[in-house]
Each structure stands twice: as C-alpha cells, then as structure tokens.
Amino acid sequence: MASRNTTVSRRAFVLTAAGAATAATGTAAAQESPTGGGTETGTAEGTPAGTDGGATGTEGGSPADGGGGGGGPPDFGGFLDSVGNFDGTVVDAQGQDQVSVAVGAQGNGGNFAFDPPAVHVDNGATVVWEWTGQGGGHNVVSDGEGPLDSGEAVADQGTTYEYTFDEDGIFNYICEPHESLGMKGSVVVGTDYPTASAGGGGGGGGGVPQVPNSAKTLGIATSLVMVVTLGLTYVFMRYGGDYELSEKD
Ligand SMILES: [Cu+2]
C-alpha cells in the first residue's frame, strides 16, 4: 500500500509540474488567441502560439485597410473651403440621368453661388447649369485643367450650360468673375475619386502594435531558452578539454 501511494504521489507530482508548465504557456497563448487553448500549446511550446498570434494580427489589420479605401467622403483638397454656401454636404444625385445646378443662387454675400455647390452623380449623367438671372454675369469654368467651359460670363435668366460626365473623379469649377467671393462648385462622378480616409488609418494603427507585443514576448522567451541551452553546451564542451591543457601551460 505504501509503495503504491509513493507511485501515485510521484505521478501526481509529475502531472502537477507538467500542468503548471502547460498553464504557464497556456496563459501566454491565451493573451493572443482565446480559442488557442492550453492543451496544444503545452506540447508544442512557443512556436505555434507565435504563429497564431501573427495570423490574428493580419486579420485584425485587413478590415481597417478595407474600411479606409471603401466609403470615405470625397476629398476636395480644400477647394470648397471658402465657399459660403457649402456646409460639407455633397448632394447625392446618383441614379439620376440629369441634375440641375443653379447659377447665381443666394450665397457668398449676394447671388454669387452655385446651388448645390457639391453634387455626386453617376458616370454618364448630365449636369445642367441654369442661370437664375441674379448677381450679374456668371460662367462655369473648370478650375485648372478640366472639361467645363460655358464661355464668357452672361447674366441672362434661362441661360443653360450642360455637360455629360464620362469619367470618374472630382471636377472642380469656378465662376470667373466671382471666384474670389467663393462662387465655386464641384461635381463628384462615379465611384473612383479621391476620398478623405481618416478612420482607416487609425484602425490600422490600433491593430498593429497588439501583435508584435505578444509575438515578441514568446519569440524572446524561445530565443532565450535556445541561447541558454547553446551557451551551456558550449561552456561544458569548452571547459571539459581546455582546462587540462591550460593547466599544463
Ligand atoms: Cu458668378
């Protein structure tokens, strides 16, 4: 009976020690992947856990990147900042073949505005600018290079100028006589245009540091064990032979 008990307690001790080791590694693994579990990690040590951590990190980063490219608002590059009647709203006219923009609408200290100042249309849609007859002579001309040009400024009510967009992008335009007052507008066309992606970058930044921390911890621990083992082996081999030789010298 006594010997049996000894065997049992010895086995129990070994199991406890193994359990503690498993638990220790398991805790490290649990920080990275909750589903990883201590059972697998205990046998395979740090390497599988580290790989798991890397996989988790990649997954964490991807959605953030996708979000940045996906649905950000159009980036006008500050072009509409000085436009008095632009409050950040881009009128969504997608799905419409034709969209009207008033020329000489109220804004910018008189009738010196386009309304709406920013509109989003499908590729292939036609924008028709319609003169209100207010605010003197106006025209519609692309800012810098671009396809829009209604010609000389005119004041007559009922004047129209239209353009059918067949290219995705952001098309900024001005009224030449009143540009300095803020009489500017923009047409966003299709789906391929510069976007202000503020949220995407932040999400990616938050996701990245998590992985290297836990992966590093396991990596460093594994490296340390290897270095110590190699170092001890080296010391044993070296001092085994060299000691006698140096004694003779
Ligand atoms: Cu004008």
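Buried, in this talk, means under 20% relative accessible area. Take tyrosine 173: its relative accessibility is 0%, so it counts as buried. Keep that residue in mind. One caution before we go on: this is a predicted model.

First, the layout. The protein chain has four helices and nine strands. Read from the N terminus, the order is α-α-α-β-β-β-β-β-β-β-β-β-α. The chain has 249 residues, and 30% of them count as buried. Now the contacts with a separation of 6 or more. Residues 24 or more positions apart account for 67% of those.

Next, the metal. Which residues coordinate the copper ion? His138 and His178 each do it through ND1, Cys175 through SG, and Met183 through SD. The distances run from 2.0 to 2.4 Å. What is the arrangement of the four donor atoms? The angles they subtend are 94 to 128°, and that makes it tetrahedral. For the cut-off, all angles have to lie between 85 and 135 degrees. If you want the spacing in sequence, the donor residues follow H-x36-C-x2-H-x4-M. Both cysteine 175 and methionine 183 are buried.

On to the interior. In soluble globular proteins, nonpolar side chains tend to be buried together. Here the largest nonpolar core has 22 residues. Those touching the most other members are Phe114, Val121, Trp129, Val140, Phe165, Tyr173 and Val187. Which strands each supply at least two residues of this core? They are E2 (98-105), E4 (118-121), E5 (126-131), E8 (169-174) and E9 (184-189). Apart from this core lies another one, of 10 residues, including Leu80, Phe86, Ile174 and Tyr193.

Valine 121 touches Val99, Val127, Val187, Val188 and Val189, among others, leaving out residues up to four places away in sequence. Its list also includes Ala93, Gln94 and Gly190. Valine 101 sits in strand E2. Is valine 101 buried or exposed? Its relative accessible area is 1%, so valine 101 is buried. Beyond its neighbours within four places, valine 101 is in contact with residues including Phe114, Val127, Trp129 and Tyr173. Valine 101 and glycine 185 are 84 residues apart in sequence, yet 9.5 Å apart in space, C-alpha to C-alpha.

Now the rings. How many aromatic pairs does a search of the whole structure find? Six. Start with phenylalanine 76 and phenylalanine 86. Their ring centres are 6.0 Å apart and their planes are at 85°, so this pair is edge-to-face. Both residues lie in the loop between helix H3 (46-70) and strand E1 (91-92), so the pair ties together parts 10 residues apart in sequence. Phenylalanine 76 is buried at 12% relative accessibility. Phenylalanine 86 is buried too, at 19%.

Then phenylalanine 114 with tyrosine 173, the residue I opened with. This pair is edge-to-face as well, with 4.8 Å between centres and 75° between planes. Phenylalanine 114 is in strand E3 (residues 113-115) and tyrosine 173 in strand E8, so the pair ties together parts 59 residues apart in sequence. Phenylalanine 114 has a relative accessible area of 0%, so it is buried. Phe114 and Tyr173 also form one aromatic cluster with Trp129 and Tyr161.

One last contact. Lysine 184 lies over the face of phenylalanine 79, at 4.6 Å from the ring centre.

Conventions:
Residues numbered from 1 in each chain as written. Predicted model: local features only at pLDDT ≥ 70, side-chain atom pairs only at ≥ 80, totals over all residues. Heavy atoms only, no water. Core = buried A, V, L, I, M, F, W, Y, C linked by side-chain atoms within 4.5 Å. Buried < 20%, exposed > 50% of the residue type's maximum accessible area, 1.4 Å probe, protein only. Contact = heavy atoms within 4.5 Å. Phe/Tyr/Trp six-rings, centres within 6.5 Å; stacked < 30°, edge-to-face > 60°. Lys NZ or Arg CZ within 6 Å of the ring centre and 35° of its normal. Donors = N, O, S within 2.8 Å, 3.2 Å for Na, K, Ca; no water. Tetrahedral: all angles 85-135°; square planar, octahedral: opposite > 155°, others 65-115°.
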